[in-house]
Amino acid sequence: MALIFHAGKTNKNSYKTLIAAEYSGVKVELAPNFEMGVSNKTPEFLKMNPIGKIPVLETPDGAIFESNAIARYVTRLKADNPLYGSSLIDYAHIEQWIDFASLEIDAHLVSWYRPRMGRAVYLPPAEEQAITSLKRALGALNAHLASNTFLVGHSVTLADIITTCNLYMGFTLLMTKSFTSEFPHVERYFWTMVNQPNFKKILGEVKQAESVIPIAKKPSQPKESAKPKPKPKDEPKKEAKKEEPVKPKPEAGEEEEAPKPKPKNSLDLLPPSKMILDDWKRLYSNTKTNFREVAIKGFWDMYDPEGYSLWFCDYKYNDENTVSFVTLNKVGGFLQRMDLARKYAFGKMLVIGSEPPFKVKGLWLFRGQEIPQFVLDECYDMELYEWKKVDITDEEQKERVSQMIEDFEPFEGQPLLDAKCFK
């Protein structure tokens with residue numbers, strides 16, 4: 001019996017098996033006349049996968065569902081398949097990246113994709129969280145690929161096949177060039193993979209999304225619910241009675257307004273500050289000349305030590321910063337993952353030195369007197385730095401703050417390789 005593959009031809013989960021089969025020399029036949037929503041609802045299909053999801057692989061020994069399991073099975077059909085590496089540690093690392101691609105990349109892409117397609121409730125905060133989590137994963141992947149062409153070893157493995165197929169939906173439907181340009185090594189990796197002959201045979205020409213897929217419009221439900229209600233004429237009266245006592249009550253308006261003051265963040269509960277963060281960011285961005293006299297003076301005039309706090313940070317592992325572009329990517333990834341604090345923070349990160357190892361030091365302005373807890377919880381980079389609160393009564397520390405905002409060079413006796421701003 002041949003291997004019969006029950007799946008749609010354009011499903012990224014199907015691509016995993018079909019590409020693995022090309023590399024392994026395994027013949028997999030697509031089920032004839034498969035129609036999603038019809039074929040997968042038949043009793044015969046439900047015997048193979050009771051949930052009715054695709055893909056499913058029909059083998060002489062029984063059916064297999066779940067795309068990663070099917071891809072593993074097909075790969076194992078070839079003895080000593082290089083797709084599984086050449087050692088036990090290779091095998092472990094391949095499995096590691098398969099799990100990473102599924103749990104850290106695919107899961108967040110799906111959380112971003114499904115609500116936009118109308119398959120789940122669209123909630124902007126939930127989408128923002130999915131994108132933040134996805135960026136964190138892509139940052140980690142980008143760092144690994146900075147010094148690796150493939151995920152494991154020096155050739156394509158099953159980890160590359162599954163990771164690329166998971167990235168495929170993101171690149172073609174959600175992640176525009178402006179989004180992926182923050183992860184140059186992931187970009188290079190993805191386009192290298194999809195242009196490999198065995199990938200290209202299955203995927204064809206791949207084009208990156210020019211815009212994020214729009215949010216699907218749902219049909220308004222009140223019209224539908226109004227249709228079956230022409231039976232009793234008393235019902236409108238009952239509704240009117242319920243509405244009448246509500247209208248005169250002043251509390252009705254208050255009930256509608258109640259959610260508005262509900263803070264999205266604990267920092268919104270702090271007493272108002274005389275420092276308007278956006279005003280400072282605007283001054284910083286618009287000052288092109290006489291920076292010390294205009295922007296730095298303006299900062300100290302605006303600064304509210306009761307509403308905000310300043311923090312120095314020093315990277316704990318500077319001895320590892322031996323490659324300039326890797327160090328710069330590391331800092332860029334950190335700033336990217338700090339996006340969740342943009343409303344409450346301003347930061348400067350300096351990469352210092354003309355030769356490796358490069359030093360990474362930063363200055364951060366945070367709302368409140370402590371580093372926000374949600375930043376410590378969500379941004380894993382925070383633990384890679386030593387943090388020290390600035391004492392602005394110390395003129396030496398105050399001058400150091402000014403120099404870091406200004407990108408003063410030489411900084412502490414050394415040239416700047418780069419200076420990045422978070423605003």
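Me: At roughly what angle do the axes of α5 and α15 cross?
Reply: In this predicted model, the axes of helix α5 (residues 124–145) and helix α15 (residues 324–337) cross at roughly 175° and come within 10 Å. Because angles over 145 degrees count that way, α5 is roughly antiparallel to α15.

Me: Which residues in α5 and α15 meet?
Reply: From α5 there are K135, R136, G139, A140 and N142, and these meet N329, Q336 and R337 in α15.

Me: Switching to pockets, what volume does the largest pocket have?
Reply: The largest pocket has a volume of about 1,000 Å³, and its lining is made up of 29 residues, with N11, K12, N13, K53 and I54 lying nearest its centre.

Me: And which elements give two or more residues to that lining?
Reply: Those elements are α1 (12–24), α3 (67–76), α4 (88–116) and α6 (158–174), and of the contributors α4 gives the most, with 6 residues. The lining residues divide into 12 nonpolar, 10 polar and 7 charged.

Me: What about confidence, where does the pLDDT stay under 50?
Reply: The chain averages a pLDDT of 87, and 89% of the residues score at least 70, but the pLDDT stays under 50 over residues 219–227, a stretch for which the model has 1 contact beyond four places in sequence. Residues 235–261 also have a pLDDT below 50, and this stretch has 3 contacts in the model beyond near neighbours in sequence. Where pLDDT is low, the predicted coordinates should not be read in detail.

Key. Residues are numbered from 1 along each chain as its sequence is written. This is a predicted model: local features need pLDDT of at least 70, side-chain atom pairs count only at pLDDT 80 or more; totals for chains, interfaces and linings use all residues. Side-chain values use heavy atoms; hydrogens and water are left out. pLDDT is the predictor's confidence in each residue, from 0 to 100. Contact means heavy atoms within 4.5 Å. Axes are lines fitted to C-alpha atoms, for helices over the stretch in contact, and angles run from 0 to 180 degrees between N-to-C directions. Helices (H or I, at least four residues) and strands (E, at least two) are DSSP runs, numbered from the N terminus. Angles under 35 degrees count as roughly parallel, over 145 as roughly antiparallel, 65 to 115 as roughly perpendicular and the rest as oblique. On a 1 Å grid over the protein atoms alone, a cavity is a set of points where a 1.4 Å probe fits but cannot get out, and a pocket is an open set with protein on both sides within 12 Å along at least five of seven lines; lining residues have an atom within 4 Å of a point. Grid points are joined across faces, edges and corners, and a volume is the space filled by probe spheres set on the points. Ala, Val, Leu, Ile, Met, Phe, Trp, Tyr, Cys and Pro count as nonpolar, Asp, Glu, Lys and Arg as charged, and the others, Gly among them, as polar.
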